[in-house]
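Me: Please take a close look at one part of the structure shown below, the place of a single strand in its sheet and in its domain. Then set that part in the context of the other elements and of the second chain, in one connected account.

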Amino acid sequence: MTVSTELDTRFRDAAATAGLLDVGFDVVESPIGPLLMAATERGLCRISFQPDPERHLDQLAKEFGSRVLRSSTAVDVAHEQLDEYFAGSRRGFELDVDLRATAPFAHRVLDELARVPFGETTTYGTLAGRVGAPRAARAVGTVMNRNPLPIVLPCHRVVGSNGSLTGYGGGLHVKEHLLRLEGVLL
Amino acid sequence: MAAVTAIPPFERFYVEQRDIVLGFLRRRLGATAAEDAFQETFLRALRAYPRLEHGEHLRAWVLTIAARLVIDSGRRARPASSQLPDLPVEDGRPAYAQLEHLANGLPPTERAAVVLRYGYDLHYDDIAAALGSSPEAARQAASSGIRRLRAEGEST
């Protein structure tokens, strides 16, 4: 007895709407490839360039609770804003984020990162200085590399002190794509 | 300390059990009512999920939720009282509640088989699905559980 897509979707939507999930996630299409997005009651908690849910289920359950379920309803606001961003009609995100699983230093760095505006870049060293740890550029690089919410927390706007793109979790071509979209690269 | 089966993320549990649960509900309620009961079964499972203490027998667990819904819906096919052993009636609790208590001392498989068969009126195919065994093995587990309960009843 196979559950129909309709019945399956109905249950998933009902679960999200009833507020019964610790984490709801979905895989959404984007110009830079499929993305996995996840959200809790507090806000968006994950964006990943690795769209296979099986790679994320255990970690999400560990960080936020075992009631992890795929549901487009759970991420629809964030998904809509992401679509607008990629379409060029949105420059900033108005989303609550859930960084409770992030360590204090990384949390401070990500808070500063969120202030880097659309269409501008900064360096790892500058960001390190802004969190009061001017010598921690390398540690800031590690935080960028583990950014749980790339694109929304714009680690693509952080470059090396010589202006080189250095690295990006989604691949350098994605970083280039995003900076081109924002008019930083021509 | 014995290794305890971890509780899987709900997504994995749901994908593994959804077809079996729908099949069970369809046999008991018909196609239309089964769809509503399907959703309610897994919503109840979601509500109870944080209280689970381990990840063992999750199929039996979700089938008991489904079976309870079938009973609540008032469409219970037939009473199983004719097959019940002579168990003391302690109060007005439903059969499954009494059995869950009385069968506490049984080995896990026999306990599950007894409770699912006589407490929830599940058929042996469904119990077999819940226990991951054959209908014949489920029948044997239930009857050996009942024998054990009888023996215990006589010795006290």
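Predicted model: local features only at pLDDT ≥ 70, side-chain atom pairs only at ≥ 80, totals over all residues.

Reply: Domain 1 of chain A brings seven residues to their contact, and domain 2 of chain A brings nine. On the domain 1 side, β3(A) gives the most, with four residues. By class, this side of domain 1 of chain A consists of six nonpolar residues, no polar residue and one charged residue.

The strand itself deserves attention next. Strand β3(A) covers residues 44-48 and is mostly covered, with five of its five residues buried. Within the sheet, β3(A) takes part in an open arrangement of four strands ordered β3-β2-β1-β4 in chain A, and the pairing is mixed. In general, strands of a sheet pair through backbone hydrogen bonds, either parallel or antiparallel. The edges of the sheet are formed by β3 and β4 of chain A, each of which pairs on one side only. From one strand to the next, the twist averages 20°. Strand β3(A) is thus an edge strand of the sheet, yet five of its five residues are buried, and β3(A) gives four residues to the side of domain 1 of chain A that touches domain 2 of chain A.

The pairing of β3(A) can be described in detail. Strand β2(A), residues 35-39, runs antiparallel to β3(A), and four bridges join the two strands. One of the paired positions is Ala39(A), whose bridge partner in β3(A) is Leu44(A). The two strands form a hairpin with four residues between them, and in the turn Gly43(A) has a positive phi of about 155°.

Another positive phi in chain A occurs after a helix. Helix α7(A), residues 172-181, has Lys175(A), His177(A), Leu178(A) and Leu179(A) as its buried residues. Gly183(A), which follows α7(A), has a positive phi near 80°.

Chain A also meets chain B. To this contact chain A contributes 20 residues, and chain B likewise contributes 20 residues. On the chain A side, the elements giving two or more residues are α1 (5-17), α2 (57-64) and β4 (68-70) of chain A. Helix α1(A) gives the most, with five residues. The chain A side divides into 14 nonpolar, two polar and four charged residues. The two edge strands of the sheet, β3 and β4 of chain A, can therefore be placed by their contacts: β4(A) is among the elements giving two or more residues to the side that touches chain B, whereas β3(A) gives the most to the side of domain 1 of chain A that touches domain 2 of chain A.

Chain B contains seven helices and zero strands. Its elements, read from the N terminus, follow the order α-α-α-α-α-α-α. Of the 156 residues in chain B, 40% are buried. Among its contacts between residues at least 6 apart in sequence, 63% join residues at least 24 apart.

The domain assignment of chain B gives domain 1 (7-77) and domain 2 (79-156). Each of these domains supplies nine residues to the contact between them. On the domain 1 side, α1 (10-29) and α3 of chain B each supply at least two residues, and α3(B) accounts for the largest share, five residues. That side of domain 1 of chain B has five nonpolar, two polar and two charged residues.

Helix α3(B), residues 58-72, also packs with helix α6(B), residues 124-131: their axes come within 7 Å and cross at roughly 140°. From α3(B), the contact involves Arg59(B), Ala60(B) and Leu63(B); from α6(B), it involves Asp126(B), Ala129(B), Ala130(B) and Leu131(B). Five of these contact residues are nonpolar, none is polar and two are charged.

Helix α5(B), residues 108-119, is largely enclosed by the rest of the structure, because 11 of its 12 residues are buried. Among the buried residues of α5(B) are the charged-type side chains Glu110(B), Arg111(B) and Arg117(B), together with Val114(B), Val115(B) and Leu116(B). After α5(B) comes Asp121(B), whose phi is positive, near 65°.

Note on methods:
Residues numbered from 1 in each chain as written. Chains lettered and ligands numbered in written order. Buried ≥ 20, exposed ≤ 12 C-beta atoms within 10 Å, placed from the backbone. Contact = placed C-beta atoms within 7 Å. Axes fitted to C-alpha atoms, helices over the stretch in contact; angles between N-to-C directions. Pairing = 2+ DSSP bridges. Domains from an automatic or database assignment.
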